[in-house]
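Please read this briefing beside the sequence and the 3D structure.

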Amino acid sequence: MSFSLDSGRTLALVGESGSGKTTVGKALLQLLRGTASITGQAHLDGMALDSLQGPQLHQARRAIQIIFQDPFASLNPRMRVSELLQEGVAALQPHISAADRLARIETLLDKVGLPRSSLTRYPHEFSGGQRQRLAIARALAVEPRLIVADEPTSALDVSVQAQILNLLSDLQKELGVAYLFITHNFGVVEYLAHDIAVMKDGKLVEYGPAEQVLAHPQHSYTQALLRAVPRLARRA
Ligand SMILES: Nc1ncnc2c1ncn2[C@@H]1O[C@H](COP(=O)(O)OP(=O)(O)O)[C@@H](O)[C@H]1O
Ligand SMILES: [Mg+2]
């Protein structure tokens with residue numbers, strides 16, 4: 001498959017379960033090195049990701065973050081929020097002082113709508129939606145250029161889903177981060193995608209601006225997906 005994504009934009013990667021969406025995300029994150037045979041190239045700001053080693057790979061790992069579907073499994077239950085949010089910054093941006101690191105994560109808690117008193121708490125003290133806010137803050141803490149969001153709202157109640165989508169949309173406008181937003185939910189796609197890539201059986205079958213794909217889907221598979229889903233209203 002082939003696609004491009006600009007800063008401040010969202011590419012929705014849609015398709016049925018097993019079509020290979022998560023695999024694409026993992027390949028971008030360089031998590032499949034050594035375990036899969038990957039051909040082709042991926043570039044981030046001109047860096048060829050697949051050939052990076054050492055400090056440059058370290059830098060790319062900071063620039064691309066991931067948010068997972070299950071906010072219960074993705075946050076270490078033994079770590080306080082303070083450690084959870086600071087861990088990545090300490091590892092990937094070691095030149096930042098402890099005081100600046102703390103200031104950054106306090107600001108991030110404000111941004112994701114959680115009280116600063118969250119810092120001394122453990123993940124189990126939060127609801128699913130709050131945990132996903134924590135996961136978002138954790139990803140943003142290292143100032144990424146791209147976030148791969150792999151079905152980040154699928155495990156949440158519908159009302160909470162909308163809040164998290166709003167939050168992601170607002171944060172993108174503020175920070176200019178790009179999202180590769182993996183989902184099988186076209187309602188979510190309509191809400192926040194600028195571009196859409198449709199996968200089927202490991203291949204890209206349709207790719208284009210969201211308005212165009214939603215209004216005039218070319219591939220019969222996209223047409224079937226669009227017929228099958230309940231809709232959220234698109235945000236103005
Ligand atoms: N291009 C590929 N070549 C070989 N196996 C693949 C490929 N793409 C996906 N798979 C395998 O197919 C399965 C489902 O892929 P996954 O990426 O998890 O799909 P999705 O996220 O769309 O549900 C995984 O076991 C993955 O290893
Ligand atoms: Mg998946």
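Serine 118 counts as buried because it has 23 C-beta neighbours inside 10 Å, where buried stands for 20 or more other C-beta atoms within 10 Å of a residue's own, exposed for 12 or fewer and partly exposed for those in between, with C-beta atoms placed from the backbone. This is a predicted model, in which local features need pLDDT of at least 70 and side-chain atom pairs count only at pLDDT 80 or more, while totals for chains, interfaces and linings use all residues. Residues are numbered from 1 along each chain as its sequence is written, and chains are lettered from A and ligands numbered from 1 in the order in which they are written.

**Serine 118 and its surroundings**

- Serine 118 lies in the loop between α4 and α5, with helices (H or I, at least four residues) and strands (E, at least two) taken as DSSP runs numbered from the N terminus.
- Leaving aside neighbours within four places in sequence, serine 118 is in contact with Val81 and Leu109, a contact being a pair of residues whose C-beta atoms, placed from the backbone, lie within 7 Å.
- Serine 118 and histidine 184, which are 66 residues apart in sequence, have C-alpha atoms 32 Å apart in space.

- Two packed helices are described by the angle between their axes and the distance between the axes.
- Helix α3 (residues 81–92) packs with helix α4 (residues 98–111) at an angle of about 135 degrees, their axes being 10 Å apart; axes are lines fitted to C-alpha atoms, for helices over the stretch in contact, and angles run from 0 to 180 degrees between N-to-C directions.
- The helices α3 and α4 are therefore oblique to each other, on a scale where angles under 35 degrees count as roughly parallel, over 145 as roughly antiparallel, 65 to 115 as roughly perpendicular and the rest as oblique.
- In this pair, Leu85, Gln86, Val89 and Ala90 of α3 meet Arg101, Arg104, Ile105 and Leu108 of α4.
- The contact of α3 with α4 has five nonpolar, one polar and two charged residues, where Ala, Val, Leu, Ile, Met, Phe, Trp, Tyr, Cys and Pro count as nonpolar, Asp, Glu, Lys and Arg as charged, and the others, Gly among them, as polar.
- The packing angle of α3 and α5 is about 30 degrees, with the axes 7 Å apart, and these two helices are therefore roughly parallel to each other.
- On the α3 side this contact is made by Val81, Leu84, Leu85 and Gly88, and on the α5 side by Leu134, Ala137 and Arg138.
- By class, the residues of the contact of α3 with α5 divide into five nonpolar, one polar and one charged.

**Packing of α5 with α6**

- The axes of α5 and α6 cross at roughly 20 degrees and come within 10 Å, which makes α5 roughly parallel to α6.
- From α5, the residues Gly128, Gly129, Gln132, Arg133, Ile136 and Leu140 meet Val160, Gln163, Ile164, Leu167, Leu168 and Leu171 of α6.
- Sorted by class, the contact of α5 with α6 has seven nonpolar, four polar and one charged residues.
- Glutamine 130 lies in helix α5 (residues 128–140) and counts as partly exposed because it has 18 C-beta neighbours inside 10 Å.
- Glutamine 130 is 17 residues from glycine 113 in sequence, and their C-alpha atoms are 8.7 Å apart in space.

**Loop residues**

- Most residues other than glycine have a negative phi, and most peptide bonds are trans.
- Aspartate 45, in the loop between β2 (43–44) and β3 (47–48), has a phi near 45 degrees, a positive value in a residue other than glycine.
- Aspartate 45 is exposed, since 9 other C-beta atoms lie within 10 Å.
- Glutamate 151, in the loop between β5 and α6, has a positive phi near 50 degrees and is partly exposed, with 19 other C-beta atoms within 10 Å.
- Aspartate 157 lies in the loop between β5 (146–150) and α6 (158–175) and is exposed, with 12 other C-beta atoms within 10 Å.
- The C-alpha atoms of aspartate 157 and glycine 128 are separated by 8.6 Å, the two residues being 29 residues apart along the chain.

**Ligand 1**

- Around ligand 1 are Gly15, Ser17, Gly18, Ser19, Gly20, Lys21, Thr22, Thr23 and Gly202, a residue being near a molecule if its C-beta atom, placed from the backbone, lies within 6 Å of it.
- The shell around ligand 1 has, by class, no nonpolar, eight polar and one charged residues.

Technical notes
Two residues are in contact if their C-beta atoms, placed from the backbone, lie within 7 Å.
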